[in-house]
Amino acid sequence: MKKKRAFAILLAALIVMACMPARAYGDTVSVGANGLDSSPAGSHTLVIKSDGSLWAWGNNRAGQLGDGTEENRLTPVKIMDDVTAVSAFDAHNLAVKSDGSLWAWGGNWAGQLGDGTTEDKLTPVKIMEGVAAVSGSGTSHMFVVKQDGSLWAWGNNNCGQLGDGTTEDKLIPVKIMDGVTSASAGNRHILAVKSDGSLWAWGDNWAGQLGDGTTEDKLTPVKIMEGVAAVSASGNAHTLAVKSDGSLWAWGNNRAGQLGNGTKDYNPTPNPTPVKIMNGVTSASAGNSHSLAVKSDGSLWAWGDNSFGQLTEPKAEQTAETAPARSEARLILNSTRRGGINAVGSTGYNVGGHNYFNLRAIATLLSNTPSQFDLVWNEATSQTEIITGRTYSSNTVGPRAPKSPVARTTTVTVPVDGAPVDFAAYNIAEGETDKYQLKPVKIMDDVTAAIASNNDRSLAVKSDGSLWAWGYNGRYNQLNSDVTAQTGISIPVKIFDDVMPPAETPAAGQPPAETPDGATDVITPQMADHNYFKLSDIADIIPFYVDWSEEENAALLTPYASDLAVRADRGGVKTIKDLNNTGRRMTTYYSVSNYSSTALSYLKARGDALQALEVNPSAKTIVLDTYDKNFDLLSTKTIPFECELFGGFYAGERCNYLVFGSDNKEENDGKEVVRVVKYDENFNRLDDLSVSGGESHAATPFSFASSGMAEYGNVLVLHTTRARYAASDGANHQSQLTLVIDTNQMRLLNVTPRLEFQGNHVSHSFNQFVRFDNGQHVLVDLGDAYPRAVVLHKSQDVSNDKYAMTELLHIPGQVGDNYTGVNLGGFEITRSSYVVALNQAKSDSSRERDVLLLVSPRDNINGAARTVTLAEYDGRGKLGSMPYLVRAGDDDLVALWEEYTTETSTESGTLLKYAKLDGSGNIKGSVQSVEHAYLSKDCQPVMFGRNLVWYVDDGMGRMFFRLNVDAA
C-alpha cells in the first residue's frame, strides 16, 4: 500500500470529558484521495520536507515539538529524518517513518501516545511497526491504519470514539476493524473508508456528524454510504466525503455554512444525512467551521466561517504570487486644511501591484474638503452616482451583495454630475455577510493538497512544493509569518518551501471540474460597496492628489487646490516623520490665538530662482530648497542649528541672516542667549554676533515671538521677544527685545544700562514687525499690558535708545489680560503712510473678526491712525483670518486673508480673499475671492516677478500658490 505523505498543523485543544455538543480544538483530517494526512490541532506546526526531514515550531509547553525541551519556537527546528507521514494534535504528535514504524511524543495525560503510560515525552518514542497512516483528535483519541489494512485505536474513549464497543480509555492500541484504506478522526468520532469504497462511522453524533440519519452516539462502526474515496471529519462535528466519481458530500453541524449547501443551520436542527455539494473534487478538508476542496484542475475552493480570513480575501483571477496581499492599507487625508494628517482605516486590496479602494472610503475621507463628493443610489438605473462639491451624506448606496471572496475585473459606469464615466474596476464583495460564505468560492489555482484546520486557519501545498497559509495566527506563530499576536492573515502567504508532495491524485475517470450549482463565482457589478477603484482614476474626475507613503504604508489623499496652486517636490524633507510642522496652513485656531510664535517657513526671491526655507525644530535643521520659475526643484541644502532654539530668518540685499538661541533659566550673565549668523547668498557662513544673558537680560529668547527683521545699509534690526530675568515678584515677565546690529563688524549698537526696559518697551508683546523708513527703523507690536495697544515706535537715536511712540489702536480690557481680540499680520511703509494689517473681534466672546488696516501718516505719527475696513464679519457668522500685507510695487500693497464660516468646526467653504491697495490703504477695485486656495500660517508671501507667491507644506509634498497681481 502506498504510504501517505503529509504535513500537519497543530491548534489549541480543549479536552472534553463528556459527550455533549462542544467546539473541538483538535481532530484528524485524513484525505485518502490525495495522500494528505494532517491533524490541525493546537498551537504548533509540523511540516515534512521532500527529503523526509520533519520540522516543527510553535507552542512547546508539553514537549510537543519533540526537540527535547519545553521552550516555544517561533521559527522551524528540525526534529527527525526519514518521515513519510505525521499527525499533530493539541500537545502531542505521531509520525510514521519509511520503515513503517510509528513514533509518538508530547503530552500523554490520556494515554494518547499509546506507549502504555500517561507520562509526557519530550522526544519521539517508538510505538509500533507496520503502520501506513496515522491520525487522531485534539481530545486525545488516536488511530492508525496498518499496512495490512487493519485499523487500530487508543486513548480517550468517553463517547465510544475508539469503536471497540466500550467507553473505557485505552493506553495501548486495540484493533477495531480490517480492510481499511483511510480514516479520519473528529472531536469524539471516527470515520473509515474500506477497500470496497464503503464508509463507516462511530462515536459522538450530537450534530449528525456520523451521517446515519440520527443524532445517537455509536459505540461500534455503522455503515454510512458506498463509493467513497476519501473522508474528512471536523472537530466541530461536520463531515466531508469525496466519492470515486469526484462528487463531494457533506453532513453534520452547519452553524457557519460549513457544509456549503447554501444554508446556515444550527443545532438542534442538524443535517444528519449526506448532501451533495459539488463535482470534480479530488480531495476535501473539514475545519472547525469552514471547509476546503481541491478540484481535479488544481483549483482550491472554500466556504463556511471567515472570521479570521481563513477563506482568504478575494483576488481578481490572480494567484497569490501575482496578487499577494489584501493591503490592509489606510487612506490618509493629507490635509493642511484640518491641521495635518488624518488617518482613516479602510479596506483596501492590492491586485496586480495596484491598491484599490471603494467609493465610500474615498468620499468619507474627502468630506468637508474642496474635493468632497456625495454618493447617491439611482433606483431607476441601479447605479451609484457621484455628485461633486457636495458633502458626503453617508446614505445607503445600493444593495449589498452576499460575501464572495472572488474579485473580478469589471467596467463600471458611474454618472459624475449627470455625465456617465466608465471606470475599470475590480468587484470585491463586502458587507454584513462577510463572516460566513454559504457556497463554495474559488480561492487559488495550482493546488495539490489543502488542509482546513480546526482553529480557523487554512493551508495549501502547490505543485512546486511551496506551503501557503492563511487565517488565524496566534502568539506562537503557527503560520511561520511576520504577522502574529492572534491576528487574522486574510490572504495566502508562503510559509515554507520544498514540502513533501502528496501521493498521486487518482483522478482518472472522474468528470471534469465544474462550478457547483449556486456557487458564487462572479458578483453582479454596479454595487458601490463592492466595486474597488484605482485612486488615480477617481482623482482625475473629482479631483484630488494621490501620494504613497512608504513610512505609513498608506495612500495619501490631498484635497484639490485652485488653479493658483502648483505641487512641487520637497528636497530635504521627504517623509511625514521628517516633517515636524505638517499642516502649517492658516486656520481658525491660529487666527484667533492670543499669541504669536516663531515662523518656520520662509521664502526668498533671488532673480529667476526661489528659495524655500523649512525649519524642523525637532531635527535641529533648516532645509533650503531652491526652485526655478516653474517651481522645479534645482537643489537642496541642509543647515544645522547652531544653538538649541531657532529665532528667525531674514533675506538681506547681499547677505542672509539666521537667528539661534539658548535657554538661560539660570540667568547667567555670561551665557550666550542669542546668536545672529551671517551668510552669503549661497548660505556659506561668514560671521556671527553672540549676545549674552547680561547683554539681553533674557532667561528665554523668542518667547511668543514672530521675530521681525529689517536692514538699512550695514544696520540690521532684530525685533523679537524674551522672558526677562526674574523680577522682584519672582516672575519672568515677557516683553520685546530689540537688537540693533552693525553687520560689517557684527556687533551690537544698542547695548545700554536700560536694556531690561528698552526705550521701545512693550509688555507683553505678541507680534513684532520692523521696517526702515530711510535710516530710522520703525517697530510695530501687539501689547496686552504696557501699553495695551497696537503700538508703533520710531527710532530717534539708536545709541541713546530713544523712540517716538504712538498707539495705533488702543485695546480695551484689563492690563495684562492675554486676550486682546486682535492678531497682527503685516506692516508696510508706503510713500505717505505706515500701514498695519490685522483682524479684530468687537467683543470678548465673539469669534467673528473683521479684517482691518490701521493707517498712520509718515510725517505725523502722533496723529490719529485711520481705520480701513477690508472685510466686515461681525454679526455675520464669519471670521476673517490673520491677514498678510505685501508690497506689490512702488506704492502698491496687497492684503490677503482667509474667510471662514464660524458655524462649522472645520474650514469648509473657506475662501481666499485679497484686495489691491494704494499707498493710503484704500481698496483699488473690489475685494476678490478664490476657491480652494489657502494661506500658510507663517510663510509670508513674496513677490516673484509679477506673481505673489507663498507655499504650504503637507505630509508628502509642497504646495506653491501664485497670484498674478496684474491680472487680479
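The points below go from the source to the helix, the pocket and the loop residue.

This is a predicted model, in which local features need pLDDT of at least 70 and side-chain atom pairs count only at pLDDT 80 or more, whereas totals for chains, interfaces and linings use all residues. Residues are numbered from 1 along each chain as its sequence is written, and side-chain values use heavy atoms, with hydrogens and water left out.

**Helix α1**
- Because 7 of the 8 residues of helix α1 (residues 359–366) are buried, α1 is largely enclosed by the rest of the structure; buried means under 20% relative accessible area with a 1.4 Å probe, protein chains only, and helices are DSSP runs of H or I with at least four residues.
- The buried residues are L359, R360, A361, I362, A363, L365 and L366.
- At the N-terminal end, N358 caps α1 through a side-chain oxygen that lies 3.3 Å from the backbone nitrogen of R360, while N368, which follows α1, has a positive phi near 65°.

**Largest pocket**
- The largest pocket holds about 1400 Å³ of space, a pocket being an open set of points on a 1 Å grid over the protein atoms alone where a 1.4 Å probe fits, with protein on both sides within 12 Å along at least five of seven lines.
- Of its 46 lining residues, those closest to the centre are Y650, M709, R771, E828 and Q940, where lining residues have an atom within 4 Å of a point.
- β57 contributes the most to this lining, with 7 residues; strands are DSSP runs of E with at least two residues.

**Loop residue S706**
- S706, in the loop between β52 (698–701) and β53, is buried at a relative accessible area of 19%.
- Apart from neighbours within four places in sequence, S706 is in contact (heavy atoms within 4.5 Å) with S596, S597, N767 and Q768.

Definitions and conventions: Buried means under 20% relative accessible area, exposed over 50%, partly exposed in between (1.4 Å probe, protein chains only). A polar contact is a pair of N or O atoms within 3.5 Å; within protein, one must be able to donate a hydrogen and the other to accept it, and residues adjacent in sequence count only if both atoms are side-chain atoms. Grid points are joined across faces, edges and corners, and a volume is the space filled by probe spheres set on the points.
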